[in-house]
Amino acid sequence: MADQLDCALDLMRRMPPAKIEDNLAGLIDLVPDLTEQLLSAVDQPLKVAHDSSSRRDYLLCDYNRDGDSYRSPWSNRYDPPLPDGNTPSQQLRNLESQANEVFDIYRDLYFEGGVSSVYCWDLDTGFASVILIKKTQDQSKKGQPMKGTWDSIHVVDVQDSKRTAHYKLTSTVMLSIETQTEQTGLVSLSGSLTRQTETDAPITDSSSHVSNIGKMVEDMESRLRTSIDTIYFGKTKDIINELRQTTANSTLAQRRAFQAQIAGAITK
C-alpha cells in the first residue's frame, strides 16, 4: 500500500498542475483504496462557499471537512448541517476567530480582493491551524484578456511551552495564468511550490500566536512569490529567448563583425 501511495504521489508531481483536479479524479478511479490518503496528501485549488448566516464567503479544504460537510470559520457551523461535527475547543475557537479577522485584513492589503479562511484544531501538545488565501483574476488588461488564480495553503503546527512556542510552517502556493492574443495564441502557465520553515517565538497570550504566525506567513509568501517569479517567469523567458531570437541573423552577423572590427582596432 505504501509503495502504491508513493508511486501515485510521484505521478501527480509529474502531471500538469493546471489539470490537477482531473488528474486526481482519474488516479482515484484507478486506485480507490487510496482515496483518503490522496485527498489529504495532494493539494488542490481551493473552492469558495458562502455562509448565509454570516453573509460571508469561506474556503473549502480537507481541514474543515467532516464527511460531506464543511465548517464555516465565521459561524462555526457545518454545511450541510452536522450536529456532531468536529469543532475546536472554546479557547482555540476564540483564537481562530481572531486569526480570521486579522488575515482578512492581510488579504485585503496584499491581494486587494479574494477570499481567506483560517481553521484551527486541537493537538495533544498544542494546536495546528491552516491559513487559506485565494485570489482569482478574470479581466482584460490593456485590451489583452488575462485569467489567473493564486491559491496559498499555510499549515502551522504549534507546540506550546510556558513562555515560548515552536512553530513549524509548511506552505504551498499554486499559480495558474492564462492569456490569449492573435499574435501568440493561447498561452498557459501553471505550477506549484512548497516550502517549509521552523522557528521559536515568545508568547504572552493567544494574541501572540496570531502575531507570530502572521509574521511567518507574510515572510513565507514574499519568499514564495520571489521564487515563482524567478523559476517560472524568468526561466520561461530564458527558454523562449533561446528558442527564438527577436533579432534577425543578418543583423546579429553585422553586429558581431562590427564588434570584431572595433576589437581589432583596439589591439593595434
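User: Which residues form a nonpolar patch on the surface, with about 360 Å² of accessible area together?
Analyst: This is a predicted model, in which local features need pLDDT of at least 70, side-chain atom pairs count only at pLDDT 80 or more, and totals for chains, interfaces and linings use all residues. Residues are numbered from 1 along each chain as its sequence is written, and side-chain values use heavy atoms, without hydrogens or water. A patch joins nonpolar side chains within 5 Å, from residues with over 30% relative accessible area (Shrake-Rupley, 1.4 Å probe) and no salt bridge. Here the members are Ile105, Leu109 and Tyr110.

User: What is the mean pLDDT of the chain?
Analyst: The predictor's confidence in each residue is its pLDDT, from 0 to 100. Confidence is lowest in helix H6 (residues 249-267), at a mean of 82, and highest in strand E2 (residues 56-60), at 97. In the chain, 96% of residues reach 70 or more, and the mean is 88.

User: What is the volume of the largest cavity?
Analyst: A cavity is a set of points on a 1 Å grid where a 1.4 Å probe fits but cannot get out. The whole structure has 2 cavities of 30 Å³ or more. The volume of the largest one is about 60 Å³.

User: How many residues in the lining of the largest cavity are nonpolar?
Analyst: The lining (residues with an atom within 4 Å of a point) includes Leu95, Phe103, Cys120, Ser129 and His209. Helix H4 (90-111), strand E6 (115-123), strand E7 (126-141) and helix H5 (206-243) each give at least two residues to this lining. Of the lining residues, 2 are polar, none is charged, and the nonpolar ones number 8.

User: Which elements each supply at least two residues of the lining of the second largest cavity?
Analyst: The second largest cavity has a volume of about 40 Å³. Among its lining residues are Leu175, Leu189, Ser190, Ile228 and Tyr232. The elements in question are strand E10 (185-202) and H5.

User: Which residue forms a salt bridge with arginine 65?
Analyst: The structure holds 12 salt bridges (a side-chain nitrogen of Lys or Arg within 4 Å of a carboxyl oxygen of Asp or Glu). In this one, the closest N and O atoms are 3.8 Å apart. The pair links strand E3 (residues 65-66) with helix H3 (residues 35-41), and its members are 29 residues apart in the chain. The partner of arginine 65 is glutamate 36.

Conventions. On a 1 Å grid over the protein atoms alone, a cavity is a set of points where a 1.4 Å probe fits but cannot get out, and a pocket is an open set with protein on both sides within 12 Å along at least five of seven lines; lining residues have an atom within 4 Å of a point. Grid points are joined across faces, edges and corners, and a volume is the space filled by probe spheres set on the points. Helices (H or I, at least four residues) and strands (E, at least two) are DSSP runs, numbered from the N terminus. Ala, Val, Leu, Ile, Met, Phe, Trp, Tyr, Cys and Pro count as nonpolar, Asp, Glu, Lys and Arg as charged, and the others, Gly among them, as polar. Patches are made of residues with over 30% relative accessible area and no salt bridge: like charges are joined within 9 Å, nonpolar side chains (Val, Leu, Ile, Met, Phe, Trp, Tyr) within 5 Å.
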